[in-house]
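Have the structure open as you read.

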Amino acid sequence: MSESMFMWNPASTVHGSSFTLTADDVAACPLPSTGSSGNDSVEFWIAARSNRRETLLTVYGAAAIGAEFALVPATEIGTTNNIVPVHAPSRPQAAFKKDAVFQVCSGGTMGKPRRIRRTHRSWLASFEVNRRLFSIGVEDSYAVLGELHHSLALYGALEAIQLGADLRLLAAKRPESQLQALCQHSVSVIYATPIQLRMLAAAARSAGSNCPATRLVMAGGSPLDATTALEVLSVFPNAELRQFYGATETSFVAMDDGKQTSGSSGFPYPGVEVVIKGMADAVTAGVAGQILVRSPYLCIGRGWPDFKDLREGSGFIPTGDVGRWTDDGRLEVLGRKDRMFKVADVAVFPEQIECFISSIPGVEGAQVYPVADALRGNAVSARVVVQNNGPAADEISSRCRDRFGSLSAPRQVSVTGLPLTSGRKGMVWPSSFQGWDVAGE
């Protein structure tokens, strides 16, 4: 198996909503042409539609010849042609030549969604780490719940077919149908966001069912609140729930050890260096600060249209998040630096309050934001989605005051039916953590 380029493992079979693909199908598919030999100024934009077999065939066709490809929402380039050559002469040619390259859309956790450019090798390295950490092999069956232009879904899909597991692409299905597919096909490994898992848990409550065959649930993209985590473990009673912190730009940064249901992001992922750079406007200078990451899993930088390198001179990438080390040696992510605001000189991280509110039984989601206040500079407000017979606004406010104090608790809580989403997002790693036990090393 290539150590620098994606390969379709012959043991893998990919199932979409209307197709099945095997290694024979991939071998028979025509390779995309760059138009002329060695033309480095051509990349391929691929319409990432999970319910089309052409999406994966085109990805692997481009990967087979080492051509740069970018998975983008189908709405950006139409739905009739799955592959479009795009001339990008401003792309750094040296970086293109160095390794096989692709682009994927960020989820917006480091600001507005952007194209992120990375090497195949950067993901292949973590595929191998996960294989050893979780004993993944040809007997496993993966499922991803999101569209492939989102980096988390694409990562899970490529990891499955690189390691020889079966794969089910479930983005085109409703949560009820996703749950049915997970149970019916004995899916053992799931990659999903907290919102996707919350919707699965709601579907399981309505159906009164669970999926005993699932053994590993990988949750990333935003904080997972305690209530949702417990519901996930109820839906998948035999599963290990692993929450991880990372971004499209950095891939894995930290992962919990499966022993707690919410809170900090856990220990650094194998091979990752984390530095917390003190900042004067954080909670306390020298305790909390900006999170910087250096690892084999980092991206090259931004892709089309600016092709910008994100690394600092020392090789670290700033994540845009603020965090600190806990007393027991875990990385705690407080929230996005650009979402932080102050109430009477007290730093408030909306993500922490959103995660707490979402953990209250009967709450589906929350969005916390500042409103101008003449006395304190800002006050905290929240919009909350509740289930039928869910908690009232006064109860939510009271619980927040008990948890965060009067300054950081929402002064106003309004209930809304709008869907809510939330992004997530020097000191050296404490010596108390001895590192992950990676079997086989």
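## Salt bridges and helix contacts

Glu128, Arg131 and Arg132 join up in a network of salt bridges. The model is a predicted one, and a search through the whole of it finds 18 salt bridges. Three further pairs are set out below.

| Pair | N to O distance |
|---|---|
| Arg117 and Glu68 | 2.9 Å |
| Arg174 and Glu176 | 3.7 Å |
| Glu273 and Arg294 | 2.9 Å |

Let's start with the pair of Arg117 and Glu68, whose closest N and O atoms are 2.9 Å apart.

Next comes the salt bridge between Glu273 and Arg294, at 2.9 Å from N to O. Glu273 is part of strand 15 (residues 273–278) and Arg294 is part of strand 16 (residues 289–294), so the bridge ties together parts that lie 21 residues apart in sequence. Glu273 has a relative accessible area of 38%, which means that this residue is partly exposed. Arg294 is also partly exposed, because its relative accessible area is 29%.

The side chains of Arg174 and Glu176 form the remaining pair in the table, at 3.7 Å. Arg174 counts as exposed because its relative accessible area is 60%, and the cut-off for that class is over 50%. Glu176 has 45% relative accessibility, so this residue counts as partly exposed.

Glu176 also takes part in a helix contact, where Pro175, Glu176, Gln178, Leu179 and Leu182 of helix 7 meet Met199, Leu200, Ala203 and Ala204 of helix 8. By class, the residues of this contact are 7 nonpolar, 1 polar and 1 charged. How are the two helices placed relative to each other? Helix 7 (residues 175–184) and helix 8 (residues 194–207) pack with their axes 9 Å apart and at an angle of about 80 degrees. Helix 7 is therefore roughly perpendicular to helix 8, since angles of 65 to 115 degrees fall in that class.

Which residues meet in helix 10 and helix 11? Helix 10 brings Gln352, Ile353, Phe356 and Ile357, and helix 11 brings Ile396, Arg399, Cys400, Arg403 and Phe404. Sorted by class, the contact of helix 10 with helix 11 has 6 nonpolar, 1 polar and 2 charged residues.

## A glycine in a loop

Finally, look at Gly146, in the loop between strand 8 (141–144) and helix 6 (151–163). Its relative accessibility is 12%, so Gly146 counts as buried, the cut-off being under 20%. Leaving out residues up to four places away in sequence, Gly146 touches Ser50, Ala153, Ala171 and Gln196. From C-alpha to C-alpha, Gly146 and Ala172 are 8.3 Å apart in space, and they are 26 residues apart in sequence.

Technical notes
Residues are numbered from 1 along each chain as its sequence is written. This is a predicted model: local features need pLDDT of at least 70, side-chain atom pairs count only at pLDDT 80 or more; totals for chains, interfaces and linings use all residues. Side-chain values use heavy atoms; hydrogens and water are left out. A salt bridge is a side-chain nitrogen of Lys or Arg within 4 Å of a carboxyl oxygen of Asp or Glu. Buried means under 20% relative accessible area, exposed over 50%, partly exposed in between (1.4 Å probe, protein chains only). Helices (H or I, at least four residues) and strands (E, at least two) are DSSP runs, numbered from the N terminus. Contact means heavy atoms within 4.5 Å. Ala, Val, Leu, Ile, Met, Phe, Trp, Tyr, Cys and Pro count as nonpolar, Asp, Glu, Lys and Arg as charged, and the others, Gly among them, as polar. Axes are lines fitted to C-alpha atoms, for helices over the stretch in contact, and angles run from 0 to 180 degrees between N-to-C directions. Angles under 35 degrees count as roughly parallel, over 145 as roughly antiparallel, 65 to 115 as roughly perpendicular and the rest as oblique.
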